[in-house]
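These are my notebook entries on a single predicted model.

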Amino acid sequence: MRRDEEQYLAWLDDLAGGSARRVYEITDPGEVPPVLAIVYDDIPDPGLSTGFTFGLSGVSRPNWKGGLNR
């Protein structure tokens, strides 16, 4: 894991109060930059989940233009 990923995850853990998190790499292994989806369960309240992404703005995908899958 890269240093910037570790710092971001540590910041999110602090923000979420140290709750357990799940991290999914949604790009192919080894793809740079990686795109991660991070999920915290029971945040902000029991039964709810909160999600964040990492690296999404650094990936160039022509079919993501305008938020539509074209």
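**Burial and overall layout.** I looked up burial first: of the 70 residues of the protein, 21% count as buried, where buried means under 20% relative accessible area, exposed over 50%, and partly exposed in between, with a 1.4 Å probe and protein chains only. I noted that the model is predicted, that local features need pLDDT of at least 70 and side-chain atom pairs count only at pLDDT 80 or more, while totals for chains, interfaces and linings use all residues. Residues are numbered from 1 along each chain as its sequence is written, and side-chain values use heavy atoms, with hydrogens and water left out.

I then listed the elements and found 1 helix and 3 strands, which run α-β-β-β from the N terminus on; helices (H or I, at least four residues) and strands (E, at least two) are DSSP runs, numbered from the N terminus. For contacts, meaning heavy atoms within 4.5 Å, I read that residues 24 or more positions apart account for 30% of those with a separation of 6 or more.

**The sheet.** I traced the 3 strands as an open sheet in the order E1-E2-E3, with antiparallel pairing, where two strands pair if DSSP finds at least two bridges between them. E1 and E3 are the edge strands, each pairing on one side only, and the twist averages 20 degrees from one strand to the next, taken between axes that are lines fitted to C-alpha atoms, for helices over the stretch in contact, with angles from 0 to 180 degrees between N-to-C directions.

Strand E1 (residues 21-25) pairs with E2 over 5 bridges, and I located Tyr 40 in E2 as the bridge partner of Arg 21. On the other pairing, E2 and strand E3 (residues 49-54) are joined over 6 bridges, with Leu 36 opposite Phe 54 in E3. I also checked how E2 (residues 36-41) is covered: 5 of its 6 residues are buried, so the strand is largely enclosed by the rest of the structure.

**The helix.** In H1, Glu 5, Leu 9, Leu 12 and Asp 13 are buried. Seen down the axis of H1, the buried residues fall within an arc of 100 degrees, so they line one face of the helix, the arc being that of the directions from the helix axis to the C-beta atoms. Arg 3, Asp 14 and Leu 15 are exposed on the other side of H1, whereas the buried residues of H1 pack against E1, E2 and E3. Just after H1, I noted that Gly 17 takes a positive phi of about 80 degrees.

I looked at Glu 5 separately: this residue of H1 has a relative accessible area of 7% and is buried. Leaving aside neighbours within four places in sequence, Glu 5 is in contact with Pro 34, Leu 36 and Phe 54.

**The core.** Which residues make up the largest nonpolar core? I found 7 in all, namely Leu 9, Leu 12, Ala 16, Leu 36, Ile 38, Tyr 40 and Phe 54; such a core is a set of buried Ala, Val, Leu, Ile, Met, Phe, Trp, Tyr and Cys residues joined through side-chain atoms within 4.5 Å. Helix H1 (3-15) and E2 are the elements that give two or more residues to this core, and the largest share, 3 residues, comes from E2.
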